[in-house]
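The sequence and structure come first.

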Amino acid sequence: MSKHDVFSRRDILAGGLAFTAAASLPGLPPARANARFALKPAPATINIVGEKWPDTAVWAYNGTVPGPELRLKQGERLTVDVTNGLDQPTTVHWHGLRLPNAMDGVPELTQEAIEPGQSFTYDFDAVDAGTFWYHPHFNTPEQVGRGLHGALIVEEPNPPQVDRDLAWVIDDWRFQRDASIDDSFGAGMDISHGGRSGNTVTVNGRLMETFTVRSGERLRLRLINAANARIFGLRFDGLSPTVIALDGQPVTPHAPDKGLVVLGPGMRADLIIDCSGDPGSTAGLTDVYYGRDGYTFAKVRYSDDAPLRTSPLDAPIALAANPVSEPDLNNAKRHTVVLEGGAMGNMRGAIYKGQQMPIRDLVQHMKMWAINGVASHGMTMDPILTLKRGQTYVFTIRNDTGWPHPMHMHGHVFRVLSNGGKPVLHTPMVDTVLVERGNSADIAFVADNPGDWLFHCHVLEHALGGMSSVIRVA
Ligand code: C2O
Ligand code: CU
């Protein structure tokens, strides 16, 4: 061993000792790796639909749609400095992450909105690995709909071996003929019906032409539905995906139920795909949620290269569980959460700002939905439920409306026990559950994260139109 080696080893040792000493000093947070990023939401101009078409004026994080992909390792601390370059307030919500309430990014409820020109630093530990995303929670339909959203990937310490790990942020835009964004945000028709669905589906901010794969390669594909309202029912033609995580949380690896990966707004799926087609062949992703033949929004082409390997990679794909408390179903307390309202519904009225109102008055306030008889206003509502910290709850979410609702809970993840009267395959742990019209879903979770948390429909126009609530964990 040379003198130099000894020196560098001693340096490392000294550093290690200093680390331990600092970590044990009272009042100091334990030292850990820090992932630091800066995000600036601001107007930008980008090309979305192709070079032959005009550029589109959007609102973007750091000038790109989606915003930069934030990647860090599980257990690291995430620090994000946000500076508001919009001419209206904003916040950033870290969708699906279990974090301290003050970092959740909900204006009025967990923080003051960030005013134009002002900054706010989000800072929390990434306790769960998985596929998450970030978006504003102020004027949400318009801010998300104009392009503010991005992928947040927390990597496992030992991720499954793959050839490529890709995040696809899937979005749906309502464009006019000149590729500008239709500015009819908050239209009553969208609020009372299925939300603002668009006319153009993009992957990572581009109309996807053809995605090239190589025969024999193993992909990890992280799909994120960032659309305001569109639900995707993805069929894979010529590809056989295995689902390994839903909403970022590991699930027993399985082939998609009935061959479809269904993603409501806000929802994610991690897929392992062994590309087993022949060089030169084609495949594709087709959305069939709205029936008929659907449309193929991502064509896949196998390159002419010789297969990367002849038989699929023989490596495990199951993910290790995140440190989520398992619900104790034998000692659960039960609640029912009723969703009402919307076009073709039978809601007669609801409480709005503390007053019972008939539907025709609610409509004047653009409130057309209610949760447990209350139409939301702003973000600082009285909680519909106060939960005891550490207790397991089973909620029956009953959809008494004519529309599907992806119901999203902040600060927690829950197991979906049943949906539409049927047990759900592998009772996945998720943060959003799609409840079809006239159906109920039973979810179970441990209320272990203290604070006031939003529980709302992730069709952003529904959330704005009354389908939001607050759940208190105390
Ligand atoms: Cu994706 Cu309340 O959020
Ligand atoms: Cu809804």
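Two strands are taken as paired if DSSP finds at least two bridges between them. The model discussed here is predicted.

**The sheet**

By that rule, five strands form an open sheet in the order β26-β35-β34-β28-β32, and the pairing is mixed. The strands β26 (385-387) and β32 stand at the edges; each has a single partner strand, so one side of each has no neighbour in the sheet. On average, and with direction ignored, neighbouring strands of this sheet are turned by 25° against each other.

One pairing can be followed in detail. Strand β34, residues 451-457, and strand β35, residues 468-473, run antiparallel and are joined by six bridges. Within this pairing, W453 stands opposite I471 of β35. In general, strands of a sheet pair through backbone hydrogen bonds, either parallel or antiparallel.

**The pockets**

Rolling a probe the size of a water molecule over the atoms shows where empty space is left. The largest pocket holds about 920 Å³ of space. Its lining consists of 29 residues, and D257, L260, V262, N419 and V424 are the ones that lie nearest the centre. Two or more lining residues come from each of β15 (241-246), β17 (260-263), β29 (414-419), β30 (422-423) and β32 (432-435). By class, the lining of the largest pocket has 18 nonpolar, five polar and six charged residues.

The second largest pocket holds about 300 Å³. It is lined by 17 residues, with N139, T140, G378, M379 and L464 nearest its centre. Helices α2 (140-145) and α5 (460-464) each supply at least two residues of this lining, and α5 gives the most, with three residues. The lining of the second largest pocket divides into seven nonpolar, eight polar and two charged residues.

**The cavities**

Four cavities of 30 Å³ or more are counted. The largest cavity holds about 70 Å³ of space. Its lining is made up of R98, V324, S325, P327, H412, V413, M429, F445, V446 and D448. Six of these residues are nonpolar, two polar and two charged.

The second largest cavity has a volume of about 50 Å³. It is lined by W168, F211, V213, L219, L221, L239, I273, L285 and V300. Strands β12 (210-213) and β13 (218-225) each give at least two residues to this lining. The lining of the second largest cavity has nine nonpolar residues, no polar and no charged.

The volumes and lining classes are set out below.

| Space | Volume | Lining by class |
|---|---|---|
| Largest pocket | about 920 Å³ | 18 nonpolar, five polar, six charged |
| Second largest pocket | about 300 Å³ | seven nonpolar, eight polar, two charged |
| Largest cavity | about 70 Å³ | six nonpolar, two polar, two charged |
| Second largest cavity | about 50 Å³ | nine nonpolar, no polar, no charged |

**A buried serine**

One residue is described by its surroundings. S192 lies in helix α3, which covers residues 188-192. Is S192 buried or exposed? Its relative accessible area is 13%, and buried means under 20%, so S192 is buried. Leaving out residues up to four places away in sequence, S192 touches G342, A343, M368, W369 and W403.

Note on methods:
Residues numbered from 1 in each chain as written. Chains lettered and ligands numbered in written order. Predicted model: local features only at pLDDT ≥ 70, side-chain atom pairs only at ≥ 80, totals over all residues. Heavy atoms only, no water. 1 Å grid on protein atoms, 1.4 Å probe; cavity = no way out; pocket = protein on both sides within 12 Å on 5 of 7 lines; lining within 4 Å. Points joined across faces, edges and corners; volume = space filled by probe spheres on them. Helix = DSSP H or I, 4+ residues; strand = E, 2+ residues; numbered from the N terminus. Nonpolar A, V, L, I, M, F, W, Y, C, P; charged D, E, K, R; others polar. Axes fitted to C-alpha atoms, helices over the stretch in contact; angles between N-to-C directions. Buried < 20%, exposed > 50% of the residue type's maximum accessible area, 1.4 Å probe, protein only. Contact = heavy atoms within 4.5 Å.
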